[in-house]
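Work through these exercises with the sequence and the model side by side. Try each task before you read its solution.

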Amino acid sequence: MNKGDGMNYAPVGKPDPVVKPGEFVFAAIGLDHGHIYGMTNGLLEAGATQKWVYDPDPEKVAAYRKAYPQAAAADSEARILEDPEVKLVAGACVTGDRAALGIRVMKAGKDYFTDKAPLISLEQLDAAKAAVRETGRKYMVCFSERLQSESAVYAGQLIEQGAIGRVLQVLGMGPHRLNASSRPAWFFERARYGGILCDIGSHQIEQFLYYTGATDAKIIASKIANYNHPEYPELDDFGDATLVGNNGATGYFRVDWFTPDGLRTWGDGRTFILGTEGYIELRKYLDVTREGGGDHVFWVDNKGEHYFDAAGKVGFPYFGKLVLDCINRTENAMTQEHAFKAAELCVRAQLQAVKVE
């Protein structure tokens, strides 16, 4: 169990290759956030072949190559973008720089796979959408709190099977541990990280859209605060938002940097999904005071009460679907519209948030 801050959370799924070695080549550019490790794991588990890694910081590259020695250290970003073998670039650079990197990647004729949040402004969103239209390439996002959580994947399968009827509301809680001393300077600069609702709130908004099937939503209310970290005046240490989807479903989520030191992992992430015929609760990363890890799924329907331990049983099917989407130009892993809508709504939630003093 990773007791850290979540920044280096790198889930490991089950190998489920959809391509043969060398059939689908990818590279990594931008190692500012540790989520790049989880993204790399997912692509490798899907059978993708890694050729390159690049970051201007040689220490980050050295650490990354310890985990993935098959990745050759490129001497520049251009070396990767000019390589015709590379079909996909995965990146986790500073949040405010992700859109610009993605546009360069797509204009080089490659698909782009970025850590969340995928962008931090409506201007960046417009530019990314224009580049997708111009190039025909993909701007995909790793919303890991759903895509790399076996309990979250299993909940999606239950909903698809009709286990709880029509989804009416999604309630999400995404607490994280701050570990301020371990964070880079950009993490505390609003113009670079985008704010808490744009950052970790993006996980929650994406899950709301996915579980409810909404294709759009309105931000009814949103709030941000810096309750306990005056030494970092641009940090939001708390945020929440209420949404209503275009299908009538509602959502509420809370995100914060207040995980206490006594918790054995970086955050007690929970999701509650209410349907017309039942409800689901996910205890994603642990079950407090009980032994073992996470991925606990509880649900109640008209037949009774149910529990499923999803750990090690479900895997992360998104990554194989993503690889095949890039090859076949399909949209089975995630539609471009969905990725951009989640990005748009988290930016709007941040922009209209009331600052609580």
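**Exercise 1: Cysteines**

The sulfur of Cys 142 is 13 Å from the closest cysteine sulfur, in Cys 326, which is too far for a bond. This is a predicted model: local features need pLDDT of at least 70, side-chain atom pairs count only at pLDDT 80 or more, and totals for chains, interfaces and linings use all residues. Residues are numbered from 1 along each chain as its sequence is written, and side-chain values use heavy atoms, with hydrogens and water left out.

*Task.* Find how many disulfides the whole structure has, and check Cys 346.

*Solution.* 
- Start with the general idea: a disulfide is a covalent bond between the sulfur atoms of two cysteines.
- Apply the cut-off: the two cysteine sulfur atoms must lie within 2.5 Å.
- The search of the whole structure finds zero disulfides.
- Now take Cys 346: the nearest cysteine sulfur, that of Cys 198, is 4.1 Å away, and Cys 346 is in no disulfide.
- Buried means under 20% relative accessible area, exposed means over 50%, and partly exposed is in between (1.4 Å probe, protein chains only).
- Cys 142 is buried at 2%. Cys 346 is buried at 0%.

**Exercise 2: Salt bridges**

*Task.* Which parts of the chain does the pair Arg 98 and Asp 115 tie together? Is Asp 75 buried or exposed?

*Solution.* 
- Set the rule: a salt bridge is a side-chain nitrogen of Lys or Arg within 4 Å of a carboxyl oxygen of Asp or Glu. The whole structure has 23 of them.
- Arg 98 and Asp 115 meet in a salt bridge, at 3.5 Å from N to O.
- Arg 98 lies in helix H4 (residues 98–107) and Asp 115 in strand E5 (residues 111–115), so the pair ties together parts that are 17 residues apart in sequence. Helices (H or I, at least four residues) and strands (E, at least two) are DSSP runs, numbered from the N terminus.
- Arg 98 counts as buried, at 0% relative accessibility. Asp 115 is buried too, with 0%.
- Next, Asp 199 and Lys 116: their closest N and O atoms are 2.6 Å apart in a salt bridge.
- That pair links distant parts of the chain, 83 residues apart. Asp 199 sits in the loop between helix H8 (190–193) and helix H9 (201–212), and Lys 116 in the loop between E5 and helix H5 (122–135).
- Asp 199 is buried at 9%, and Lys 116 is buried at 2%.
- Turn to Asp 75, which forms a salt bridge with Arg 79 at 3.1 Å between the closest N and O atoms. Asp 75 is exposed at 55%. Arg 79 is partly exposed at 38%.
- Finish with a network of salt bridges: Asp 268, Arg 270, Glu 281, Arg 283, Asp 287 and Arg 290 are linked in it.

**Exercise 3: Strands**

*Task.* In what order do the six strands of the open sheet run, and which strands are at the edges?

*Solution.* 
- Recall how sheets form: strands pair through backbone hydrogen bonds, either parallel or antiparallel.
- The order is E3-E2-E1-E4-E5-E6, with parallel pairing.
- The edge strands are E3 (72–73) and E6, and each pairs on one side only.
- Look inside the sheet: E1 and E4 pair in the parallel sense over four bridges. Ala 27 stands opposite Val 89 in E4.
- Elsewhere, strand E7 (residues 167–175) and strand E10 (residues 250–256) pair in the parallel sense over seven bridges. Met 173 stands opposite Arg 254 in E10.
- Strand E9 (residues 238–245) is joined to E10 by seven bridges, and these two run antiparallel. Here Asp 240 has Arg 254 as its bridge partner.
- The E9 and E10 hairpin has four residues between the strands, and Gly 248 takes a positive phi near 90 degrees there.

**Exercise 4: Helix H10**

*Task.* Which residues of H10 are buried, and what do they pack against?

*Solution.* 
- H10 covers residues 318–328; Tyr 318, Phe 319, Gly 320, Leu 322, Val 323, Asp 325 and Cys 326 are buried.
- These buried residues pack against helix H1 (35–45), strand E4 (86–91), E5, strand E6 (139–142) and helix H6 (144–147). Contact means heavy atoms within 4.5 Å.
- Just after H10, Arg 329 takes a positive phi of about 60 degrees.

Notes
Pairing = 2+ DSSP bridges.
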